[in-house]
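Please look over the sequence and the 3D structure below before reading on.

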Amino acid sequence: MHRVQVLDPRELARVLERLAAEIVEQVPEDKLLYLVGVQTRGVPIAQRLAALIGASTGRKQPVGAIDISLYRDDIGPWRPAHQQPVIRDTRLDESIEGRIVVLVDDVLYTGRTVRAALDTLMDFGRPKAIRLAVLVDRGHRELPVAADFVGRTVPTARSEDVQVRINEVDGEDGVWLYREVAP
Amino acid sequence: MSVTPAKRLRGKDLVGIDPLHPGEIQLILDTADQMRSIAERPIKKVPALRGKTVVNLFFEASTRTRFSFEVAEKRLSADSLNFAASTSAVTKGETLIDTALNLEAMQPDFIVIRHQCPGAPHQLARILKSAVINAGDGAHEHPTQALLDALTIRSKRGTLEGLVVAIVGDLQHSRVVRSNVMLLSRMGAKVRVAAPPSLIPVGMETLGCEVHRRIEDAISGADVVMMLRIQLERQGRMNFPTPREFYDFYALTPERLKLAKKDALVMHPGPMNRGVEIDSRVADGPQSVILEQVTNGVAVRMAVLYLLAGGQGEPTAD
């Protein structure tokens, strides 16, 4: 496996600042804004965005977390590893009713996680709108899903793997691309 | 030292606590912890088992367990079919195996079985392709009860390790005690059991518990006191003179509860015989977690269904 760094910690911080600025610009009703991270790495990313947004609006920005395991379309024996996804916390302390929810995830790939996340959210209420913010868009969509806020677009092959590492979960910040080395 | 959860369950079935490793028990409890919050959502239902069919095959009377499984199945969006032996072809002489094979011909994904014969779920598990879940087999095992008891204790005390758990009552006829002793001792708790000598099965201590004849010896300093129902319907010959005498010598009363730790948890798998093995003042008292056990039962059964739906496979590297 060959590993290429896509974002180093400084670049990752700058990308987050830009994403936060774009969200503030495009969602001017900051009272309605509710950032919701998708477990696992979407949650600390949402928290960092919330801190940046809070600093610019002067308002404490609420953050929620959702786990989409029970809404996936690939649970059951057909999963290659025969291993059910570990279920993590779903925490929406404020109601999403009438809010502008910005769903936050680390990597946008097939779009299946986003579909599951939308269904999860809908079971908690009827938001005014849902937007999607991702740190990395690596392409290869299998569903008609597009992000509203993209940190970095990374063209990839399906055989490649994109790994986002976030300090709160992985002990370091950065984005890497893994590719098979040609024999 | 806390137990690292396994990545998955190894078996296709849950026939008992006996075949489970501590890591698998930990995985079920961790998953159940997450399932609990679904009951607090505006929509108490997730699509995880959409399109799956569960047959609830109950050859013995049950309200709590059958309802609990049914609620768990519905919360996960599975379709449940209920079977009661009294209204089925069993009354026409059909054997268990034939009943099960006929049900399986309708392609269910899970069969939840309660049967008066120990080993009935194990036999079905060997024959059927569906995942078999034991909801109580004779006086043998009742794995989901032990798991919900463990979840209740863990959510109150943070851990099972190092706790002293006293289990008192009809040990002879109880499947709950067997599953509980195996689970709790495997997870690092110290288990003491107590009953009149006539209600202590031979070889009880080989399960990994201390056996006492006086309730006072078992509950002194205990973190948890779990009372078992006197199964009046199963006493072929009376193993004790009268329920009243049982109360006098073995019931958990407010006075006896003082022997346990100050904040000891009081548990009972239900249905209770008030005034026989447990005094109402204790059953309804501040230390009782009896109704939380029922709530946790749904979460544990959801976890088991969800994890077994992953199917059987080779261990993975990641």
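A residue is called buried if 20 or more other C-beta atoms lie within 10 Å of its own, exposed if 12 or fewer do, and partly exposed in between, with C-beta atoms placed from the backbone. By that rule, buried residues make up 49% of the 318 residues in chain B, while in chain A 39% of the 183 residues count as buried. This is a predicted model, in which local features need pLDDT of at least 70 and side-chain atom pairs count only at pLDDT 80 or more, whereas totals for chains, interfaces and linings use all residues. Residues are numbered from 1 along each chain as its sequence is written, and chains are lettered from A and ligands numbered from 1 in the order in which they are written.

**Chain B overall**
- Chain B holds 11 helices and nine strands, where helices (H or I, at least four residues) and strands (E, at least two) are DSSP runs numbered from the N terminus.
- Of the contacts in chain B with a separation of 6 or more, 73% are between residues 24 or more positions apart, a contact being two residues whose C-beta atoms, placed from the backbone, lie within 7 Å.

**Helix α4 of chain B**
- In helix α4 (residues 120-127) of chain B, the buried residues are B:A120, B:P121, B:L124 and B:A125.
- Viewed down the axis of α4(B), these buried residues fall within an arc of 135 degrees, so they line one face of the helix; the arc is that of the directions from the helix axis to the C-beta atoms.
- The buried residues of α4(B) pack against α3 (96-104), β3 (110-115) and β4 (131-137) of chain B.

**Chain A overall**
- Chain A has four helices and eight strands, which run β-α-β-α-β-β-α-β-β-β-α-β from the N terminus on.
- The C-alpha trace of chain A spans about 55 × 40 × 30 Å along its principal axes.

**Two packed helices of chain A**
- Helix α1 (residues 9-26) of chain A packs against helix α2 (residues 42-57) of chain A at an angle of about 55 degrees, with their axes 9 Å apart; axes are lines fitted to C-alpha atoms, for helices over the stretch in contact, and angles run from 0 to 180 degrees between N-to-C directions.
- Residues making this contact include A:L16 and A:I23 of α1(A), and A:L49 and A:I53 of α2(A).
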